[in-house]
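Me: I have a model open and want to go through its side-chain packing. Can you take my questions as they come?

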Amino acid sequence: MDPTSPEVVRDLAERLREIMFAAGYRTATHLAQDSGVTLSTLSDALSGRRVPSTETLKRIIQTCGLPYNSEWVSRQEKAKNAEAGWRVNQRKNNTTKDPAGTHRHSSITAIERSPINPASNSLEPPIGNLPSQIRGRKTIIERLSHSLAELPDEVQVLHGMGGCGKTTLALSVAKETRARGYEVYWVKATKQNFGSAMRQLARTLGASREEIEEAWQTLGSGPDFIWRLLHASLTPWVLVFDDVDEAGLVSRPGGNPGDGTGWIRPSRSGLTIVTTRLSDSDIWGNIARCHPVEELSSIDGADILLDLAANAGSREDAQQLASRLGGLPLALRLAGSYLGRTSRGPGLLNRGQGRTRNFTSYLAALRDTGINFLDRGSQGRLDNSETEELHRQLISRTWEISLDLLEAQGFPEARTFMRMLSCFSVEPIPVDILDIDALIQHGAFPLGLTVDRLELVIQALNTLSLLEISEATYGSPDSQPHITVHKLVLEINKLHLSNADTSAISAIARTTVELIEKAAQRDPEDLENQYWWSLLHPHIMRLVREPLPDKEAVEALIRSGLRNFSYMSFTVRSNIEELAKPLKVLAAELSEDHPLHLAVRHRYALACLTGTAQLMEFQSTYKTQLRLFGALDPETLMSHYNWAAELDEAGRHKEAEREFRKTLSGRQQALGADNPYTLMTHVSLAQCIEEQKGGEKRADSEWGALHGVVSTVQSLDQVGLFVLHHLAHWLDSKERYEEAEALYRKIIGILDHIPTEGQSLCDSMRQCLATNLRKQGRPADSAETLHDAIHALARERDQDDDELLTIRHEYADLLEELGNSEAAEVTIREVLDLRLAKADASNDQRVLVELHCLTHVLLQEGSRHEEAVDTAKRIFQFGQDALKNWCRVPELRKNLQCISYILTQHGDFSEAVITLKALMETSEDGSREYFSLRRRLALTSYADGSLTGPSCREELQAIANSQSEKLGKGHDDVRRTLDALTGLRA
C-alpha cells in the first residue's frame, strides 16, 4: 500500500483487496485474467497508487461476485477528489527539491541514453502478485529480516533456477518494509526498460530532469549519481533489482556486478536485494551475501496447493502432486491456480472423467497430456511489452529465456546440450559419460567442439541454474563429479525436443545412445565398476523405453541393455523384469535370427517366464543358437546352462547332469577352466548330483575338484564371489569349518572396500561367518561378526526391515549364551516392539519367536518368573486364527510346545490346553508328535479339571494301545505313556 496516498484512496484499495481475497483470488494476476483489467492497472488500484476508473472498478467488483452499487460510487468519488489534490501537491514538491551531488564525467553509456518512460517503468513492487502465505521459506525470510534490521554493507542476492520463487521472497520483504515506512523501489532488469527505469529512480529520488540529463551525459556517471542520491536518503529504503540474469546489463564494460562500480551496490542507508538465476558467487564478489533459493519439500508444496485449491483433495494427494512437480513454486502455483479456478471455468464443460478438478485428476492429466498442461494455470492477457514477463510465468518458456540468453552470449550449444540431457534419467549423470568424439559423431554438436568449449557451455548452464555440478563418493575411493537437472527442466526440454525437426531428434537420439554405449564398455561384473554401473543403470532404464531412429541405434542400445542386465542380475534389489520387457520390444525390430534378438529372448525367459514355459524357451533358444553360432559361442553356452538349471529345478536331475557336463566342457574350452562362469557351472553340476539319490560321494568329488581350481584363482568378479560362497557352504556342511571360515572372510574382505549398494552378498556372508564361528564354539567372535553385520545393514535398511530384525534376534541369542542377559533382553524387546508396530503383526511368524525368546531370557533370572509367564501368554492376544496359523509352520511348533510346557509348569493349565489343542489339530494323525501331544493334552486337561481321573486314565490307555500298534510295545514312547498312566493311578 502506498503510504503517501490519501487515506480515502488507501481505504478504497484496502476494500478492493478484501473482496478479492474473499472471492478466492490469491494474487492480482488471477483477478486480472478473469476481469479483463490489465495487471498494471489492477496493481495500481490495489496498492492505492491510482484510483480506478468507473469501468475498471465495475469489472473488479462484479468479477468478485458483488454488485456495483451506490456505496461503491460514493467511495470512488471521494477517492477521486482526494487523489486530485494529492497529485497537485506532489508536482509542487518535486519542483522545489534540492538534489544531492552533481559530480560530472565526460561521456555516456547505452543504458544512460534511455529516455524516461514512466508508464512502462513503474518502480512500485507488484505486491498484488504475492500469495496469501509464503510457504517453506522461513529461514531465508529470517535472514533477510535480520539484514534489514542491521543494514549490513552488502547486497542480498537471491539466486536459483527459474520458477523457484525468488521474486516472491523479494516481494515479501517489499511488503513488510513498506508497512514499516521504508521507501521501496522495484527495478525490472530487462534490456528494453532498465536504463529508463534507472532514470525514473533518479527522478523519484528528487533529481530534476536537467540534473539527470547532465549526469547521464558523462560515461559511468549514471550509477554514481544514483548511488549518491541513495546514500544521502534520510528515509530508509529497499531497492530490488528483479530478474538480473544478464551480468553485463548491470555492470560497467569489462566489470562484473559484484565489483561495486556498476548499478548494483550496497549501502548503509538501505537494503539492496537482487533476484537472479546467476548462481556463480564470483559474479557477485565479496559485496554480496548469496541466498540459494531451492525447491520446496512435498509438505510445503502441498501447503501451496491447498492454499490455492483447498477443495481439490486430501493433503496426501496434494503431497503426491507436489512431489511430481519437484517442489518448484512456479509449477505448484500454476497447478493450484488451475484447480482453484475450475469451478469458474477451465474444464467445467468437460464431461465425465475429462474434468480435471482435483489433485489426483491433475496428476493423471500431467501423465496423459504432458508437462505443458501446467501452463493452463496461466491465462494472462498481456501486451507485447510484457511478453518476457509472461514467459517467465510459463513452464514451457521460463527456462527457454535462459537458453535464449546463452545463445545471444555465444553459446548456441547450450540448448542442444539441455535437449540431449532430457533423454537421460532425472538421476545424477556422471560427467565422464561426456565423450567428445561421441558428441560430434552424429551431427548433434559442431565438429569443432572441444573439451574446453564443452566445459564453458556446462559452466554457463550451471551459472544460470539450469543444471548443477556436484561431487560424491557413494563408497568409491575417488569423488565422482556428476550433473543433476530438475525433473521439470528435463521434461520441458524433452517436450521442446519432440517438437524439433526429425533430423535434430535423430541426431540427439543417436548421440545419446553412442554416449551410453561407450560408457557401458566397463565390465558390469567387475567389482571395481559397481559404482560406475550404479550411475549408468537409471539412464539405460530410461533410454530403453524411448523410440530410436534406426536399426544401428537399436543394436547399440540393446548391447548396453544386455550389459546392464548383467549388472542388475547381481544387484539383489533390482527387478530384471523391468529391463527385460522393454528390451524385448526393442529386439522385435531385429530379425528373429539376429544374435541380439536371441540374447534378449533368453534374458526375457530368465526374467519373466517360469516353470515349463521357461524350460521350453531356454531349450528352444539354445537349439537356435547352437544351429546358428555353434556350441562354443558364449551366448549359446549361457542358454545351455540355463536350460540345464531349469531341468534340475524341474526334478529331472539325470538330464540336468548330462547338460551341465556338456556346458562345463564347452565353457572350459571357450572361456578357460578358471573363468567364473566355468566355475559357476561346476557348482551347479555338484549341486545337481547332490540332489540325486546316492549322489553324495560323486558330488563331493566334484566339489573337491572345484576347490582345487578355485584355490589357484588370483582375482574374482561377481560371479566368482558367488562360487566362493557356495564352496564355503559345502565346506561348512562337511564340518571343515576353518576352511569355510577362510572363504567367508575372503569374500567379506573383497566386498568391504567396494561400493555394493543394493547388494546383500556381503551382509549374507557375515551372517554365514557368524553361524560358522558359533559351530566352532566361538560365540564371542560370532557375536562380534553379527554386530558388524547389523551395523552395515542399518546404514541402508529401515529399522523394521525383516532381515535386520532377524539378525538382531540371532545377536540377542548369542548375548544370552555369553551370559549377558540384560543386553539380550534389551535387544529382544526392541525387536519385538518393532515387529508389533507393523500393520500385519498378527501375520508375522517372527512375533512368536521373539515372545518365546524373551520368555526364556526372563526365566534365566529366577526373580522374574511371573513376568516370563505373562510374556508367554501374550501369544493369545492375537486370537485363535493366528495361533492356528503358527501351528501350521513346522519351525514354530517347537516354540509353541515349549510355551505350553512353561504354562503347565506355572500352573496356567487352561492356556496350556488351548495351545496343545491347536497343535494337535494341525498334527499328522498317528505320528509320534501326535501321540506325544495327545498324552500331554490328557494330563494337562486332568490338571485343569476339564477331564476327570477315570476319563484321563481311559484316554492314556487308548493312546498306549494306538502307539503299540504303530511303534511296537517296547518303544520308548509307549513306555512314557504307560508311566504317565501308572503315575496317575498312584
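This is a predicted model: local features need pLDDT of at least 70, side-chain atom pairs count only at pLDDT 80 or more; totals for chains, interfaces and linings use all residues.

Me: Which residues form one aromatic cluster with Phe194?
Reply: Phe241 and Trp263 form one aromatic cluster with Phe194. Rings of Phe, Tyr and Trp (its six-membered ring) pair if their centres lie within 6.5 Å; planes under 30 degrees apart count as stacked, over 60 as edge-to-face and the rest as tilted.

Me: How many aromatic pairs does that rule give?
Reply: The count comes to 10 aromatic pairs. One of them is tyrosine 641 with phenylalanine 660, a tilted pair at 5.7 Å centre to centre and 55° between the planes. The two are 19 residues apart, with tyrosine 641 in helix α28 (residues 634-649) and phenylalanine 660 in helix α29 (residues 653-670). Helices (H or I, at least four residues) and strands (E, at least two) are DSSP runs, numbered from the N terminus.

Me: What about phenylalanine 878 and tryptophan 886?
Reply: Phenylalanine 878 and tryptophan 886 form an edge-to-face pair, 5.7 Å centre to centre with 70° between the planes. Both residues are buried.

Me: Which ring does arginine 522 lie over?
Reply: Arginine 522 lies over the face of tryptophan 532, at 3.9 Å from the ring centre. Also, the charged end of lysine 584 sits over the ring of tyrosine 604, 4.1 Å from its centre. The rule is NZ of Lys or CZ of Arg within 6 Å of the ring centre and within 35 degrees of the ring normal.

Me: New topic. How many residues are in the largest nonpolar core?
Reply: The largest nonpolar core has 158 residues, and those with the most contacts inside it include Leu374, Phe417, Met420 and Ile558. Helix α24 (residues 551-569) gives the most to this core, with nine residues. A second, separate core has 46 residues, among them Trp643 and Met680. A core here is a set of buried Ala, Val, Leu, Ile, Met, Phe, Trp, Tyr and Cys residues joined through side-chain atoms within 4.5 Å.

Me: What does methionine 420 touch?
Reply: Not counting residues up to four places away in sequence, methionine 420 touches Leu434, Leu439, Phe445, Ile508, Thr511, Thr512 and Leu515. Contact means heavy atoms within 4.5 Å.

Me: And where is threonine 177?
Reply: Threonine 177 is in helix α7 (residues 166-179). Its relative accessible area is 0%, so threonine 177 is buried. Beyond four places in sequence, its contacts are Leu148, Tyr182, Val184 and Val238.

Me: How many of the residues in helix α17 are buried?
Reply: In helix α17 (residues 395-408), 10 of the 14 residues are buried, including Trp399 and Glu400. Just after α17, glycine 410 takes a positive phi of about 95°.

Me: How many helices and strands does the chain have?
Reply: The protein chain has 45 helices and eight strands. Its C-alpha trace spans about 125 × 75 × 55 Å along the principal axes.

Definitions and conventions:
Residues are numbered from 1 along each chain as its sequence is written. Side-chain values use heavy atoms; hydrogens and water are left out. Buried means under 20% relative accessible area, exposed over 50%, partly exposed in between (1.4 Å probe, protein chains only).
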